[in-house]
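My notebook is open and the viewer is loaded.

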Amino acid sequence: MTDFSMLGLNPALLAALARTGKDQPTPIQARGIPPLMEGRDLLGLAQTGTGKTLAFGLPILHRLAGQGKPVAKSARALILAPTRELVQQIAEALAQLAHGTPTAITTVVGGASINRQIEKLMRGTDVLVATPGRLIDLLERGSVSLAKVQMLVLDEADQMLDLGFIHALRKIARYLPEERQTMLFSATMPKDMAEIADSYLNRPVRVQVSPPGKAADKIEQAVHFVAQGDKANVLREYLTKHPDELALVFGRTKHGSEKLAKLLASWGFSVGSIHGNKSQGQRERTLAAFRVGETKVLVATDVAARGLDIPLVAHVYNYELPNVPENYIHRIGRTARAGREGRAVAFCAPAEMADLRAIEKLTGQAIEVIGGAPWAEHLAEAARTKARAATTQARGQRPAGAKQGGKPGGAKPGGRPAAAGKPGGGKPAGERSSGGSRGPSDGPAKPAKSGKPRVHPALAEAMAAERPNKPRRFSNKPPVRRSQG
Ligand SMILES: Nc1ncnc2c1ncn2[C@@H]1O[C@H](COP(=O)(O)OP(=O)(O)OP(=O)(O)O)[C@@H](O)[C@H]1O
Ligand SMILES: [Mg+2]
């Protein structure tokens, strides 16, 4: 069995691993760290909660040790992640290992004082962990240079390469040097995303610990068929059964999640909520209270679906099913972390039958039924039609099925990434969206192949929250590309 000491990491890192109780590398670490230590580009796919953060974090810290003080306003490694909370968490995980060494780790995220971030960046940093929107703002102000970046990480790579982020990423790519090591990590990687991934990677090693889209091993999954209007009462029963255990409840919309949190609070549950309508301070306080178990229930939109590592989470309730099936894998992956056990219950209303089927198709598994019975096809279809009509009417939108945008960029190796939709309104796709989450009635987002954008609420929400202060012009210039081969 591989031991951390066999991976060639420096003694300070080995000591830090021992200090933090990590003696054996996880499979993605054992297989991913050696090629990364050799400087290879890498696409790393492994289930949720299996240590991807240190799979890229350790080789980065190893390579940066002993490089001396960074140049002012520069960074040597850049880690991009889709949400502010995830950025903070990655930085904390790395800081734990770099403790007592001169390696500097800096975060930049939206919703926090940009002046303080500019000040911190003045000194330069070894590792910069960032959300794309705020980073672009800082780049455009000339507050940071990426010219000295040796290593680039896209965590939650499929989300970072998706329509909501791809324009932002292309902008950032123009500031990066061609010579660099690039690493992409995720628990899911739809086929079409792998193609786009190739345009950022140079002769990559692909380390795939499990089939992409496989849920973490120790999650006991179940589905409860329940009418939309009865969901709150059913949730109340589940929560009452496990009063001392942490439960994460996913809703689709900011408004709906907030309403649900208030209802649960009125029933006496200790509950918090996080979504794009909360201030960053509120989001951080709520998450901190939940992390230590002060708050037992957290109601969240997909803004909390990816990467968050809260070991005490024992239950995930999909109060509303995600309309992007990959996000089901990420949502339920907030439990059963690092070999622990966890339970995930999906609440499925008639209008969500198609979402459920898409999830089961992705995972290749039928989810065990623990309540109700699958809705008959005619009920499901009627509910979807009704919901679509209501949305169309409410928003004055064109009917579902009308063309909404271009194809998400399918870059071919050797060619430049295709444009992800038209540069409408002068803003990246994610920012063009009304900032919002789509209501349950929007119907499932179609996979990229259908020609419709794959933007889902978390992307739109995250990008809206990251929107820089000044309007930006879309540029058609291709991103920096390195020669293949
Ligand atoms: N070698 C190890 N031994 C023991 N615990 C570990 C090891 N590596 C990581 N962990 C712990 O496992 C947990 C999950 O790690 P991490 O957040 O990196 O997972 P992930 O693969 O990135 O998951 P996700 O796909 O949800 O982002 C963390 O609490 C981390 O400290
Ligand atoms: Mg992660």
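I began with Ala338 and looked up its contacts: leaving out residues up to four places away in sequence, Ala338 touches Gly49 and Pro311. Contact here says that two C-beta atoms, placed from the backbone, lie within 7 Å. I also looked up a distance: Ala338 and Thr50 are 288 residues apart in sequence, with 5.7 Å between them in space, C-alpha to C-alpha.

A note on what I am reading: this is a predicted model, where local features need pLDDT of at least 70, side-chain atom pairs count only at pLDDT 80 or more, and totals for chains, interfaces and linings use all residues. Residues are numbered from 1 along each chain as its sequence is written, while chains are lettered from A and ligands numbered from 1 in the order in which they are written.

Where is Ala338 placed? I found Ala338 in the loop between α13 and β13. Helices (H or I, at least four residues) and strands (E, at least two) are DSSP runs, numbered from the N terminus. Ala338 counts as partly exposed because it has 13 C-beta neighbours inside 10 Å. The cut-offs I use: 20 or more other C-beta atoms within 10 Å of a residue's own is buried, 12 or fewer is exposed, and in between is partly exposed, with C-beta atoms placed from the backbone.

Next I checked Ala336, in the loop between α13 (325–332) and β13 (342–348). Its phi is near 55 degrees, a positive value in a residue other than glycine. Is Ala336 buried or exposed? Ala336 counts as buried, because 24 C-beta neighbours lie inside 10 Å.

I compared notes with Lys73, which sits in the loop between α3 and β2 (75–80). Lys73 is not a glycine, yet has a positive phi of about 60 degrees. Lys73 is partly exposed, because 18 other C-beta atoms lie within 10 Å.

Then I turned to ligand 1. How many residues surround ligand 1? I read off 20, the closest being Thr48, Gly51, Lys52, Thr53 and Ala338. To be near, a residue needs its C-beta atom, placed from the backbone, within 6 Å. Helix α3 (residues 52–64) gives the most to this shell, with three residues. By class I noted six nonpolar, 10 polar and four charged residues. For these classes, Ala, Val, Leu, Ile, Met, Phe, Trp, Tyr, Cys and Pro are nonpolar, Asp, Glu, Lys and Arg are charged, and the others, Gly among them, are polar. Domain 1 (4–208) and domain 2 (219–381) each supply at least three residues to the shell; the bounds come from an automatic or database domain assignment.

Of its 126 residues, Ala77, Leu78, Val129 and Val249 touch the most other members. This core draws at least three residues from each of domain 1 (4–208) and domain 2 (219–381). A nonpolar core is a set of buried Ala, Val, Leu, Ile, Met, Phe, Trp, Tyr and Cys residues joined through C-beta atoms within 7 Å. Not counting residues up to four places away in sequence, Leu78 touches Leu128, Ala130, Leu146, Val149 and Leu152.

Last, I looked at α14 (residues 353–363), whose buried residues are Met353, Asp355, Leu356, Ala358, Ile359 and Leu362. Their cover includes β8 (219–225), α13, β13 and α15 (377–395). Gly364 follows α14, with a positive phi near 70 degrees.
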